[in-house]
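Good morning, colleagues. Please keep the display in view as I speak.

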Amino acid sequence: MQLAGLPVSERQLAENIISISASTDVTILEMMKPVVDELIEIKRIGIDAFDAYNKEVVTVTSDLGLCVCYYNMLAEASNHKGANTNKFCPRCHAEKASGDFRKGLDRTPAESSRILQRLSVNDRKDVRQQYGLKPYQNCLLDVMNSHSDIPVGLLHWMFLGLGKHLLKACIHDLSEDQQQKLQVLLESMDQSLSQSNYHQISLSI
Ligand SMILES: [Zn+2]
């Protein structure tokens, strides 16, 4: 956990990064729950403190600014089903089936909460598919927009699913001649990579 608003030079200093918990077994949402509960409580009651600059007593409250994750964790933190679903984007309503990979309408916490509420009453597979969401308790929905406020590192983003869709969208715009050249180029690449990856790419064209 890190305070927001720190200058870049201060941001990565050990004393400015507070480790709260780490686990390979407990989920991110379980670990965040006590933190979120405390943030909500602080917001409700406020904490009296002294502002030395203005020399006055102030009431401090706190918000969660953003949460940095890798792609799979972003999906988990926003109740998203992951990149292998028709609604493959945890941020918007872009969908695979339409073949149109342009950005869709933004997802919002209010809309997701409504759909998740519906799923928690009647967990229908078609509704899960329609929205790309799966129901479970998510404390983050109460304190942040988990669809837009979870940045992902570029490398993680590219390699854990969405890279496939990006490639597909780009390949779609190539002429037949360019597609063949690309296929030759891919086949001439390092063969130590799994052959099935190449097959997937050629089948997607
Ligand atoms: Zn999107």
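Let us begin with the largest nonpolar core, which has eleven residues. They are Met 32, Tyr 71, Leu 74, Ala 75, Ala 77, Leu 140, Leu 141, Val 143, Met 144, Ile 150 and Val 152. Helix α3, residues 71-77, supplies the largest share of this core, with four residues.

Now the chain as a whole. Eight helices and two strands make up its secondary structure, and their order along the sequence is α-α-β-β-α-α-α-α-α-α. The chain has 205 residues, of which 16% count as buried. If we take the contacts between residues at least 6 apart in sequence, 54% of them join residues at least 24 apart.

How far does helix α2 reach from its first C-alpha to its last? This helix covers residues 28-45, 18 residues in total, and reaches 26 Å, close to the 26 Å expected at 1.5 Å a residue. Just after α2 comes Gly 46, with a positive phi of about 70°.

The strands are our next topic. Strand β1, residues 47-51, runs antiparallel to β2, and five bridges join the two. One of these pairings sets Asp 48 against Thr 59 in β2. Together the strands form a hairpin, with four residues between them. In that turn, Lys 55 takes a positive phi of about 55°. Is β2 buried or in the open? Strand β2 spans residues 56-60, and because the number of buried residues among its five is zero, it lies largely in the open.

Helix α7, residues 176-187, is likewise hardly covered: among its twelve residues, the count of buried ones is zero. Its end C-alpha atoms are 16 Å apart, in agreement with the 16 Å that twelve residues should span at 1.5 Å a residue.

Finally, a word on confidence. The average pLDDT of the chain is 83, and 86% of the residues score at least 70. Over residues 193-205, however, pLDDT stays under 50, and the model has nine contacts beyond four places in sequence for that stretch. Where pLDDT is low, the predicted coordinates should not be read in detail.

Thank you; I welcome your questions.

Conventions:
Residues are numbered from 1 along each chain as its sequence is written. This is a predicted model: local features need pLDDT of at least 70, side-chain atom pairs count only at pLDDT 80 or more; totals for chains, interfaces and linings use all residues. The expected span of a helix is 1.5 Å times one less than its number of residues. A residue is buried if 20 or more other C-beta atoms lie within 10 Å of its own, exposed if 12 or fewer, and partly exposed in between; C-beta atoms are placed from the backbone. Two residues are in contact if their C-beta atoms, placed from the backbone, lie within 7 Å. pLDDT is the predictor's confidence in each residue, from 0 to 100. A nonpolar core is a set of buried Ala, Val, Leu, Ile, Met, Phe, Trp, Tyr and Cys residues joined through C-beta atoms within 7 Å. Two strands pair if DSSP finds at least two bridges between them.
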